[in-house]
Amino acid sequence: MRILAAEEAHNPLLPPLGEIIIGLIAFAIVMLVFFRFIAPRFEQVFRARREAIEGGIERAEAMQAEAKAALEQYRAQLAEARTEAAQIRDQARAEGQQILEELRTQAQEESARIVARGEEQLAANRQSVINELRGQIGALAVDLAGRVVGESLEDESRRRGTVDRFLDQLDGMAGGGASDGRTGSTVFVPGGDR
């Protein structure tokens with residue numbers, strides 16, 4: 001009965017006491033190794049990872065702040081460049097307008113000079129043509145008058161007087177002149193104011 005009592009006393013669900021003690025000692029050694037070597041290593045890895053993440057966030061925030069500052073600086077430079085470009089464009093437009101006005105003034109002055117020179121040449125040519133025609137008309141008039149009158153007009157003073165009268169009558173005809181009433185043609189009378 002003792003064996004039975006010993007067998008009854010022995011519970012199959014409960015391990016023997018020696019195994020429990022060995023298990024507790026082994027567990028204590030494992031826990032000691034875990035807390036002494038493994039846990040600090042985990043803590044070190046977690047700390048490094050946390051520092052890396054926090055450092056990455058800080059670096060990202062710093063880079064974001066730098067990017068924001070660079071963007072503001074870029075916008076300020078862009079606004080300054082636009083203002084400067086507008087000033088340069090306005091200045092170039094004003095200079096172009098001034099150059100255009102100067103060229104227009106020079107062209108007008110040159111045109112006036114050319115017109116004045118042309119008028120002077122025209123007046124000189126007209127005067128020389130008038131003088132030449134007066135001489136030719138005078139010679140023809142003297143010759144014609146000599147034939148009509150029948151006397152020689154070789155005398156210089158007579159010839160000059162006849163030519164001057166004839167030319168005066170021609171000038172008078174140009175301004176309205178006298179006509180003989182029959183044909184509407186102008187009549188020259190040599191020696192008519194004698």
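Modeller: Four salt bridges are counted here, a salt bridge being a side-chain nitrogen of Lys or Arg within 4 Å of a carboxyl oxygen of Asp or Glu. This is a predicted model, where local features need pLDDT of at least 70 and side-chain atom pairs pLDDT 80 or more, while totals for chains, interfaces and linings use all residues. Residues are numbered from 1 along each chain as its sequence is written, and side-chain values use heavy atoms, leaving out hydrogens and water.

Colleague: What makes E101 and R104 a salt bridge?

Modeller: Their closest N and O atoms are 2.9 Å apart, which is within the cut-off, so the pair counts. E101 and R104 are also about one helical turn apart, because three residues separate them in helix α2.

Colleague: How do you know that R75 and E72 form a salt bridge?

Modeller: The closest N and O atoms of R75 and E72 lie 3.7 Å apart, so this pair meets the rule too. Both residues sit in helix α2, three residues apart, or about one turn of the helix.

Colleague: Why is R75 called partly exposed?

Modeller: The label covers what lies between buried (under 20% relative accessible area) and exposed (over 50%), using a 1.4 Å probe and protein chains only. R75 has 47%, so it is partly exposed. E72 has 46% and gets that label too. For E101 the value is 35%, and for R104 it is 41%; both are partly exposed.

Colleague: What makes A141, V142, V163, F166 and L167 a nonpolar core?

Modeller: Such a core is a set of buried Ala, Val, Leu, Ile, Met, Phe, Trp, Tyr and Cys residues joined through side-chain atoms within 4.5 Å. These five residues form the largest one. Helices α2 and α3 (156-174) each give two or more residues to this core, and α3 gives the most, with three. In soluble globular proteins, nonpolar side chains tend to be buried together. Across the 194 residues of this chain, 6% are buried.

Colleague: How do you know that the elements run α-α-α?

Modeller: Helices are DSSP runs of H or I with at least four residues, and strands are E runs of at least two, numbered from the N terminus. The chain has three helices and zero strands, giving α-α-α from the N terminus on.
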